[in-house]
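Me: I've just opened this one and I'd like a quick tour. Can we start with the pocket?

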Amino acid sequence: MSEAVALPRRRLRTWIRLLRLTRGTENHLREFLRLRFDTTLPRFDVAAALYRKGGPMKMSELSQMLLVSNGNATAVVDRLERDGLASRVPSDEDRRVVLVSLTGKGRAWFDEVAAAHEAEIDALFAGLDHHELDTIRTLLKRLEEKKHVEAG
């Protein structure tokens, strides 16, 4: 096989391996959150976005941050609100805008879940040292930069 043919095939195999690793890791984390905290990865992701924001944010901003539809974000926020973990209030500036944030209970819940999530990821990646992690991050960053250059 010529190098011109071999390189595209290696890229394809690399993509498949990355995809398999990502899906496997994500499925592991979904199961971990379900069994340990009786929650879902989307609930965790929404809570993480609200936690990072530190205060109220527009539902539309939340949807954009998570790359999901407004409907998907709303459904997750509904469940968080029903459990007392999030609250929604209308904006003082625009009645059409709804602001969402974590409640005190929600922040405490997220602190606990996030610590366990971080420990679980640490265990999953325990076989990698600083140098190996730096190498992976550097390569992924190069791929991201290349994607942005080609898209722009």
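Me: What is the lining of the largest pocket like, by class?
Reply: The lining of the largest pocket has 17 nonpolar, 4 polar and 7 charged residues. Asp, Glu, Lys and Arg count as charged; Ala, Val, Leu, Ile, Met, Phe, Trp, Tyr, Cys and Pro as nonpolar; the others, Gly included, as polar. Keep in mind that this is a predicted model: local features need pLDDT of at least 70 and side-chain atom pairs 80 or more, while totals for chains, interfaces and linings use all residues. Residues are numbered from 1 along each chain, and side-chain values use heavy atoms, without hydrogens or water.

Me: What counts as a pocket?
Reply: On a 1 Å grid over the protein atoms alone, a pocket is an open set of points where a 1.4 Å probe fits, with protein on both sides within 12 Å along at least five of seven lines. Lining residues have an atom within 4 Å of a point.

Me: How many residues line the largest pocket, and which lie nearest its centre?
Reply: The lining has 28 residues. Nearest the centre are Leu18, Leu21, Thr22, Ile136 and Leu140.

Me: Which elements give two or more residues to that lining?
Reply: Four helices do: H1 (3-37), H2 (41-53), H5 (104-124) and H6 (130-151). Helices (H or I, at least four residues) and strands (E, at least two) are DSSP runs, numbered from the N terminus.

Me: Which one gives the largest share?
Reply: H1 does, with 10 residues.

Me: Let's move to H2. How far apart are its end C-alpha atoms?
Reply: They are 18 Å apart. H2 has 13 residues, so at 1.5 Å a residue it should span 18 Å, and that agrees. The expected span is 1.5 Å times one less than the number of residues.

Me: Which residues of H2 are buried?
Reply: The buried residues of H2 are Leu41, Arg43, Phe44, Val46, Ala47, Ala48, Ala49 and Leu50. Buried means under 20% relative accessible area, exposed over 50%, and partly exposed in between (1.4 Å probe, protein chains only).

Me: What caps the N-terminal end of H2?
Reply: Thr40 does. One of its side-chain oxygens lies 3.2 Å from the backbone nitrogen of Arg43. Just after H2, Gly54 takes a positive phi of about 80°.

Me: Which residues other than glycine have a positive phi?
Reply: Asp38 is one of them, at about 50°. Asp38 sits in the loop between H1 and H2. Leu67 is also among them, with phi near 60°. Leu67 lies in the loop between helix H3 (59-66) and helix H4 (70-82).

Me: Is Asp38 buried or exposed? And Leu67, buried or exposed?
Reply: Asp38 counts as exposed, because its relative accessibility is 67%. Leu67 counts as exposed at 78%.

Me: New topic: rings. How many aromatic pairs are there?
Reply: The whole structure has 3 aromatic pairs. In Phe32 and Phe37, the ring centres are 6.3 Å apart and the planes are at 70°, so the pair is edge-to-face. Rings of Phe, Tyr and Trp (its six-membered ring) pair if their centres lie within 6.5 Å; planes under 30 degrees apart are stacked, over 60 edge-to-face, the rest tilted.

Me: Are Phe32 and Phe37 buried or exposed?
Reply: Phe32 is buried, and so is Phe37.

Me: Which residues do ring pairs link into a cluster?
Reply: Phe44, Tyr51 and Phe110. Phe44 is also one of the buried residues of H2.

Me: Where is Ser91?
Reply: Ser91 lies in the loop between strand E2 (86-90) and strand E3 (98-102). Ser91 counts as buried, because its relative accessibility is 10%. A polar atom of its side chain lies 3.1 Å from the backbone nitrogen of Glu93.

Me: What about Ser87, where is that?
Reply: Ser87 is in strand E2. Ser87 is partly exposed, with a relative accessible area of 27%. From Ser87 to Asp134 is 47 residues in sequence and 39 Å in space, C-alpha to C-alpha.

Me: Last one: how far apart are Ala6 and Thr103?
Reply: They are 97 residues apart in sequence and 54 Å apart in space, C-alpha to C-alpha. Ala6 lies in helix H1. Ala6 counts as partly exposed, at 23% relative accessibility.

Methods. Polar contact = N/O pair within 3.5 Å; in protein donor to acceptor, adjacent residues only side chain to side chain.
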